[in-house]
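Thanks for coming, everyone. I have one model to show and a few minutes to do it. Please have a look at it first.

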Amino acid sequence: MQHPENSKISLSIFLPLTFLFGASLYFIHYHLDSLEPSKHISAQTKRNFHLQQKNGLISERNFTFGFELLLADYHWLKFVQEFGKSQRSQSLDTYQTPIDYGYLYYLANKVTDLDPQFEISYKIAGLVLAQYGNEIELSNKILEKGLPYSQKLWEIPFYLGFNHFYFLNDSFKAAKYLELASLHALAPKYFPHLVSRLYSEAQTPDTALAFIDSLKNSEHDPITAVRYESWAIELLTEKDLQFIDKQVIRFFDEKKYYPTGMSELVVDGYLPFFLKEYHGGYYYLDENGLAQSSEMERLKLYRKPKKSD
């Protein structure tokens, strides 16, 4: 049985230590909050706040005693809390102050500075900023920051590709990021086909063909190799169609009217001969003067409609 005197001594030591620990936590929490930007400043100011507060980040690390990951978790919980609070208000149909996505970007930037290998934070922050906040530039910054740490997550380059295609109308950059995502072992199997279509839409079918050829040459499964071959035929067909479109434009620039059909392009020397359609069909000009194939649709992808002025 423990002696009463020993219990008093233990209690006299434990209580001050508990008080000191609690006071330290309060001070650290107060100090961290004081380092954050005021919620009343503009979103543009908050976007630049992180770059102006490098000394603040160093100061925070002084209070972690080497536990930077714990501090990163603290800021990540604040990110989730701020975003979740807004979404809960929307679901309850109650009044809410519009969510400040500049502040969310600030928090995500701090998290990924303190814990660069916290891969899921890049993915979620990038998705939230683009899909909910329409902050495409900020989304791309966070996702680009996470690319060196995306070995486990194909979604990071995928979301970058999606942002460039859907929001920024840049098919070539979208294809480059999707190509990177497609190299991940767990990436969806349709990614290479999507990459080839994006390169084609970007008027670079040769790049798409080189990509498909590299996949085909390294593929040991005969069924998959046949699928790659069919994609290559689609790309060769689209390459012909793009060439015909360019010749139609050249025809109009020189003659000031559009050709009535493929035969006029051949007769007047804009096409050296009737091009052979790779599926065994034929090429023709539709009512809008665009080249088409009798065997397949053009390799075009849906994108976000542009807002009318």
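Predicted model: local features only at pLDDT ≥ 70, side-chain atom pairs only at ≥ 80, totals over all residues.

The chain has 309 residues, and 43% of them are buried. Secondary structure comes to 13 helices and 2 strands. What about contacts along the sequence? Take those with a separation of 6 or more: 58% of them join residues 24 or more positions apart.

Now helix 5, residues 101-114. I picked T112, which sits in this helix. Is T112 buried or exposed? Its relative accessible area is 2%, and the cut-off for buried is under 20%, so T112 is buried. Its side chain reaches the backbone oxygen of N109, at 3.1 Å. Set aside neighbours within four places in sequence, and T112 touches S121, Y122, I142 and K145.

S121 and Y122 are both among the buried residues of helix 6. That buried set also includes E119, K123, A125 and G126. Further along come V128, L129 and A130. On geometry, helix 6 has 14 residues and reaches 20 Å from first C-alpha to last. The expected value at 1.5 Å a residue is 20 Å, and the helix is close to that.

After helix 6 comes N134, with a positive phi near 55°. Why point that out? Most residues other than glycine have a negative phi. N134 is not a glycine, yet its phi is positive. Where is N134 found? In the loop between helix 6 (119-132) and helix 7 (136-146). Its relative accessibility is 46%, so N134 counts as partly exposed.

There is another asparagine to look at. N169 also has a positive phi, near 55°. This one lies in the loop between helix 8 (155-167) and helix 9 (171-182). At 31% relative accessibility, N169 counts as partly exposed.

On to helix 9. Buried here are S171, A174, A175, Y177, L178, A181 and S182. What covers them? The cover includes helix 7, helix 8, helix 10 (191-201) and helix 11 (205-217).

Helix 11 brings me to the last pair. Two packed helices are described by the angle between their axes and the distance between the axes. For helix 11 and helix 12, residues 222-255, the angle is about 170° and the axes are 10 Å apart. The cut-off for roughly antiparallel is over 145 degrees, so helix 11 is roughly antiparallel to helix 12.

Which residues meet? From helix 11: P205, D206, A208, L209, I212, L215 and K216. From helix 12: A225, Y228, E229, W231, A232, L235, L236, K239 and Q242. By class, that contact has 11 nonpolar, 1 polar and 4 charged residues.

One more residue in helix 11: S214. At 39% relative accessibility, S214 counts as partly exposed.

To recap: T112 is buried, N134 and N169 have positive phi values, and helix 11 runs roughly antiparallel to helix 12. That's my tour.

Notes: Residues numbered from 1 in each chain as written. Heavy atoms only, no water. Helix = DSSP H or I, 4+ residues; strand = E, 2+ residues; numbered from the N terminus. Buried < 20%, exposed > 50% of the residue type's maximum accessible area, 1.4 Å probe, protein only. Contact = heavy atoms within 4.5 Å. Polar contact = N/O pair within 3.5 Å; in protein donor to acceptor, adjacent residues only side chain to side chain. Axes fitted to C-alpha atoms, helices over the stretch in contact; angles between N-to-C directions. Parallel < 35°, antiparallel > 145°, perpendicular 65-115°, else oblique. Nonpolar A, V, L, I, M, F, W, Y, C, P; charged D, E, K, R; others polar. Expected span 1.5 Å × (residues − 1).
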